[in-house]
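The following note concerns side-chain contacts and is arranged as numbered points. Please read it alongside the sequence and the coordinates.

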Amino acid sequence: VSQGAEHPKREFRGAWIHTVGQSRYMEMNRDAMQDYFDQMLDSLQHIGINAVIFQVRPTADAFYRSELEPWSKYLTGKQGVAPEPLWDPLQYMIEQCHARNMELHAWLNPYRVGTNADEPLAASHIYHKHPEWFVRYGRQLYFDPGLPECRRFIGRVVDDIVSRYDVDAIHMDDYFYPYPIAGSEFPDENSYARYGNGMDRGDWRRENVNALIKELHKIIKSRKPWVRFGISPFGIYRNQKTDPLGSNTNGLQNYDDLYADVLLWAREGWIDYNIPQIYWEIGHKAADYETLVDWWAKHSENRPLFIGQAVMNTIQHADPKNPSINQLPRKMALQRSYQTIGGSCQWYAAAVVENAGKYRDALVQEYHKYPALIPVFDFMDDKAPGKVRKMKKVWTEDGYILFWTAPKAETEMDKAIQYVVYRFGSKEKVNLDDPSH
């Protein structure tokens with residue numbers, strides 16, 4: 001189906017569920033939290049969301065059972081304290097998402113250790129074993145990205161999740177080197193002196209992040225080649241005034257300020273999808289939404305590109321050509337007009353579910369009116385599963401039931417994971433590109 005279609009058959013429709021700073025979780029016991037997630041996932045499924053990006057490692061801690069890192073304080077209120085009764089939120093979310101035909105992408109923050117460096121870390125935290133791996137910047141604590149040991153440790157964490165959990169993807173957001181604090185330099189002079197080899201410090205920092213991304217991609221693929229690795233970078237790569245190839249914007253830059261060379265990662269095939277956070281409105285002075293969507297669409301570097309949408313920003317601003325409505329219709333039309341854009345992701349899930357500015361209604365009635373399948377990542381696997389076997393249809397007391405046997409598969413990559421059933425009237429022309437069926 002052409003991407004310009006009003007109702008694409010395949011479209012990435014994600015939503016972020018964040019855990020960092022979520023005090024509401026700390027007050028919930030297991031049953032209350034599971035109820036909360038169940039209701040949210042039911043709602044997201046109804047809204048047509050087909051991928052949930054769930055934050056499982058907000059500050060070098062865990063929303064899952066880990067031998068490497070302590071339980072998150074955002075789960076139990078105190079880092080290192082296990083939930084009581086014991087349960088595993090990541091495992092729970094994987095099962096619940098898969099039961100609703102949604103993917104689960106495990107979202108990790110690579111370097112951030114504490115949002116407040118003065119808060120005590122759990123006794124089991126790797127910090128106590130290797131304080132020399134960490135630096136303090138502003139009020140926060142970070143792994144020093146310049147140390148190979150830090151990259152190795154983060155690699156172990158990713159490998160642990162991918163090997164033990166049935167995740168569909170590993171996801172990282174915009175926190176690479178930290179957002180700059182005015183008048184304060186990130187304190188990595190020791191690692192730079194040791195490993196800088198006379199490189200420009202900016203180039204060296206970018207090289208450190210490149211090395212991490214490349215290594216994580218390798219770890220994920222060698223463990224489970226079907227698991228994707230996706231990034232959701234800050235919305236500006238570079239401004240034109242810094243680099244003629246950049247966008248006509250004036251804001252913080254991934255490349256220069258966060259040392260994240262996102263285009264290189266896409267070009268080298270180290271990431272499997274990219275969701276830039278284009279959280280501004282159409283008409284924003286420094287970072288116009290339309291300018292940025294257009295720029296990323298032209299710089300997808302042959303990797304799947306989805307747009308990170310800010311729900312609250314979208315409903316708080318009027319359409320420049322029609323002041324009586326918000327910007328959602330224009331943003332959706334824009335996103336679907338580019339061949340290289342394969343969907344979007346909503347920041348944040350709860351805002352959609354709570355129907356802020358009737359955003360949820362608009363998705364249900366209009367933009368996500370019919371279900372969409374996840375896009376095909378054909379650079380990872382371009383061979384479709386075989387046909388189903390022994391197809392039988394049976395009328396029963398409970399209605400019409402279809403039976404079939406899974407297609408034969410030589411390897412894990414060839415297995416059928418999901419089935420789609422289409423339904424047409426007897427005189428109707430069969431069109432498998434029409435998602436209304």
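1. The model under review is predicted. The points below take up aromatic contacts, charges over rings, a surface patch and salt bridges in turn.

2. Across the whole structure, a search returns 35 aromatic pairs. One of them joins Trp-133 and Phe-153, whose ring centres are 6.0 Å apart and whose planes meet at 55°, so the pair is classed as tilted. Trp-133 belongs to the loop between helix H5 (126-129) and strand E5 (134-137), whereas Phe-153 belongs to helix H6 (residues 148-164); the contact therefore ties together parts 20 residues apart in sequence. Trp-133 is buried at 9% relative accessibility, and Phe-153 is buried as well, with a relative accessible area of 3%.

3. A second tilted pair is formed by Tyr-192 and Trp-204, with ring centres 5.2 Å apart and planes at 55°. Tyr-192 is in helix H7 (residues 189-195) and Trp-204 in helix H8 (residues 201-223), so that the pair links distant parts of the chain, 12 residues apart.

4. One aromatic cluster brings together Tyr-111, Tyr-137, Tyr-142, Tyr-177, Phe-186 and Tyr-259.

5. Two contacts between a charge and a ring deserve mention. Arg-112 places its charged end over the ring of Tyr-175, 4.8 Å from the ring centre. The charged end of Lys-331 sits over the ring of Tyr-289, at 4.5 Å from its centre.

6. Tyr-419 is located in the segment after E15; with a relative accessible area of 36%, Tyr-419 is partly exposed.

7. The salt bridges number 25. Among them is the bridge between Arg-336 and Glu-11, in which the closest N and O atoms are 2.8 Å apart. This pair links distant parts of the chain, 325 residues apart: Arg-336 is in helix H13 (residues 328-336) and Glu-11 in the segment before strand E1 (12-17). Arg-336 and Glu-11 are both buried.

8. Arg-57 and Glu-69 also form a salt bridge, the closest N and O atoms lying 2.7 Å apart. Because Arg-57 is in strand E2 (residues 51-57) and Glu-69 in the loop between E2 and helix H3 (73-76), the bridge ties together parts 12 residues apart in sequence. Arg-57 is buried, with a relative accessible area of 0%, and Glu-69 is counted as buried at 5%.

9. A further bridge connects the side chains of Lys-73 and Glu-119 at 2.7 Å, N to O. Lys-73 lies in helix H3 and Glu-119 in the loop between strand E4 (112-114) and H5, so parts 46 residues apart in sequence are tied together. Lys-73 has a relative accessible area of 17% and is therefore buried, the cut-off for that class being under 20%. Glu-119, at 34%, counts as partly exposed.

10. Finally, salt bridges link Glu-185, Asp-188, Arg-201 and Arg-205 in a network.

Technical notes: Residues are numbered from 1 along each chain as its sequence is written. This is a predicted model: local features need pLDDT of at least 70, side-chain atom pairs count only at pLDDT 80 or more; totals for chains, interfaces and linings use all residues. Side-chain values use heavy atoms; hydrogens and water are left out. Rings of Phe, Tyr and Trp (its six-membered ring) pair if their centres lie within 6.5 Å; planes under 30 degrees apart count as stacked, over 60 as edge-to-face and the rest as tilted. Helices (H or I, at least four residues) and strands (E, at least two) are DSSP runs, numbered from the N terminus. Buried means under 20% relative accessible area, exposed over 50%, partly exposed in between (1.4 Å probe, protein chains only). A charge sits over a ring if NZ of Lys or CZ of Arg is within 6 Å of the ring centre and within 35 degrees of the ring normal. A salt bridge is a side-chain nitrogen of Lys or Arg within 4 Å of a carboxyl oxygen of Asp or Glu.
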